[in-house]
Amino acid sequence: MYTFSSKLKTFSIILMVLGLLGIGYGFLSAPKDIQEVEKLLAADAHGSHGAAHGEAAEASHKEAGHHEAAEASHEEHKGGEHAKVGAADEHTEHLNHVLHQLQNKPWSAVYVACIFFLLLSMGVLAFYAIQQVAQAGWSPVLFRVMQGITAYLPAGSIIFFVILVLCGLHFNHIFVWLGEGVTDPKSPHYDAIIAGKSGYLNFPFWIVRAFIFLLGWNIYRHFSRKNCLAQDEANDDLYYKKNFKISAGFLVFFIVSESIMAWDWIMSFDPHWFSTLFAWYVFASFFVSGITAIALVTIYLKSKGYLEYVNTSHIHDLAKFMFGISVFWTYLWFSQFMLIWYANIPEEVTYFVTRIQLYNLPFFGAVVMNFVFPLLILINTDFKRLNWVVVMAGIVILLGHYVDFFNMIMPGTVGDKWFIGVPEIASILFFLGLFIFIVFTALTKSPLLAKRNPFIEESKHFHY
């Protein structure tokens, strides 16, 4: 039986505490009204100009002002008054827009970290189900590691569902289509495109879908683990056969729910845009993250003297999946980007123009972290057997896919006001700490070997 070390437990608690403090700071430091926004924008504008430039601009402004005052007629003055009123309204609207962006920042930071760790555990659950249905002979010695990681799913689902409910109750503005008046033709906030999708994108239907998906995933996770543990004490393969059947059914439910989930929870941040490849793209991102998490947890447990039957061939196969799904992710990234960019249809290409112009470093940095680095490191067969290489590649892949989720979500919520600061780092720390605490606590609840699995002997002696 695995024992959760006090050092790792303390480390996870420290991460959670630091994360909560940072998240709290992010919410408290967000501007409360447009007056604060105006001060922030003025400070930014002042900081971005040199003193000499500022003085020259001020002198020019004064000179122009005197000239205009001397030249202006009574009629021009009246027209100028109307223009000022219009400009004032436009300025106030801009300040409100920036206020929403800055208030969205801590919410978006929490959302990105929350959905990343939730879907990471879902990636592991999908991988586990695939192993069951494929009747894979190499992986049963890793089943308890996979079950330990998926133990995060219930807690992650509850936190995420609460965030979705708070979005619907207008605690934030991260989902544009949930805004007041966007589907009302009489409202100044009316959006014809969102109104056209309101039959699907409406809060009651949206939250019910989320509840069904999260519940379905957790039900499968509960019963598949229960059957696997019961198989250890059984005299026949009845529970294994049950797991095979429910895993096959789950995979059908998963592929449908995952597609809709990707549209609902990520793509709807940009409700004017859509891509038929998007659900596959999101799947590839969290699937490779889940496999990477399996490899990292396995290597950690192995280093502490557990998982005696896990050998370098098992690590090699996990690294092969890390490499293969990284290439698959890149194929989807390029396919989606190239077709939309080449077609250059305004309503489609805007999605990428925004990211290239405002998120240039994270947008292309994600490609380096998620493709170039894994390709160069993991293409070598011998390197796949070296724990330190797999760990190094794994850490970069996980960070890269966090950045990928950041790229998918932030442009639609905070626009050009993004910055990886205290709320973003704190959110990662909190959910990482929670993830470590739950996963390694779950690993202590049962033996790390599924001893009565029909393929366990093959898995013990697996060599590649």
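**Overall layout**

Reply: Among contacts in the chain between residues at least 6 apart in sequence, 83% join residues at least 24 apart. Contact here means heavy atoms within 4.5 Å.

Me: What is this model, and how are residues numbered?
Reply: This is a predicted model: local features need pLDDT of at least 70, side-chain atom pairs count only at pLDDT 80 or more, and totals for chains, interfaces and linings use all residues. Residues are numbered from 1 along each chain as its sequence is written, and side-chain values use heavy atoms, with hydrogens and water left out.

Me: How many helices and strands are there in the chain?
Reply: The chain has 16 helices and zero strands. Helices (H or I, at least four residues) and strands (E, at least two) are DSSP runs, numbered from the N terminus.

Me: What box do the C-alpha atoms fill?
Reply: Roughly 100 × 50 × 45 Å, taken along the principal axes.

Me: And how much of the chain is buried?
Reply: Buried residues make up 49% of the 464 residues. Buried means under 20% relative accessible area, exposed over 50%, and partly exposed in between (1.4 Å probe, protein chains only).

Me: OK, helices. What does α13 do with α14?
Reply: Their axes come within 8 Å and cross at roughly 155°. α13 and α14 are therefore roughly antiparallel to each other. On the α13 side, the contact includes Pro362, Phe363, Ala366 and Met369. On the α14 side, Val389, Met392, Ala393 and Val396 are among the residues involved.

Me: What are the cut-offs behind those words?
Reply: Axes are lines fitted to C-alpha atoms, for helices over the stretch in contact, and angles run from 0 to 180 degrees between N-to-C directions. Angles under 35 degrees count as roughly parallel, over 145 as roughly antiparallel, 65 to 115 as roughly perpendicular and the rest as oblique.

Me: And α11 with α14, how do the axes cross?
Reply: At roughly 30°, with the axes coming within 11 Å. α11 and α14 are therefore roughly parallel to each other. The crossing is left-handed. Left-handed means the near helix is turned anticlockwise from the far one by less than a right angle; clockwise makes it right-handed.

Me: Which residues meet there, in α11 and α14?
Reply: From α11, Ile315, Ala319, Met322, Ser326 and Trp329. From α14, they meet Asn387, Val390, Gly394, Ile397, His401 and Asp404.

Me: Why that sort of spacing in a helix?
Reply: An α-helix has 3.6 residues a turn, so residues three or four places apart point the same way.

Me: Switching to α12. Where does α12 bend?
Reply: At Phe352, by about 25°. The bend is the angle between axes fitted to the seven residues ending there and the seven starting there. α12 covers residues 346-358. Its buried residues are Val349, Tyr351, Phe352, Arg355 and Ile356. They pack against α10, α11, α13 and α14.

Me: And α5, how many of its residues are buried?
Reply: Eight of the eight, so α5 (residues 143-150) is largely enclosed by the rest of the structure.

Me: What about His170?
Reply: His170 also is not a glycine, and has a positive phi of about 65°. His170 is found in the loop between α6 and α7.

Me: Next, Gln101. What is Gln101 in contact with?
Reply: Thr413, Val414, Gly415, Asp416 and Lys417, leaving aside neighbours within four places in sequence. Gln101 is in helix α4 (residues 74-134). At 9% relative accessibility, Gln101 counts as buried.

Me: Last one: Pro204, buried or exposed?
Reply: Pro204 is exposed, with a relative accessible area of 52%. Pro204 is in helix α8.

Terms used: The expected span of a helix is 1.5 Å times one less than its number of residues.
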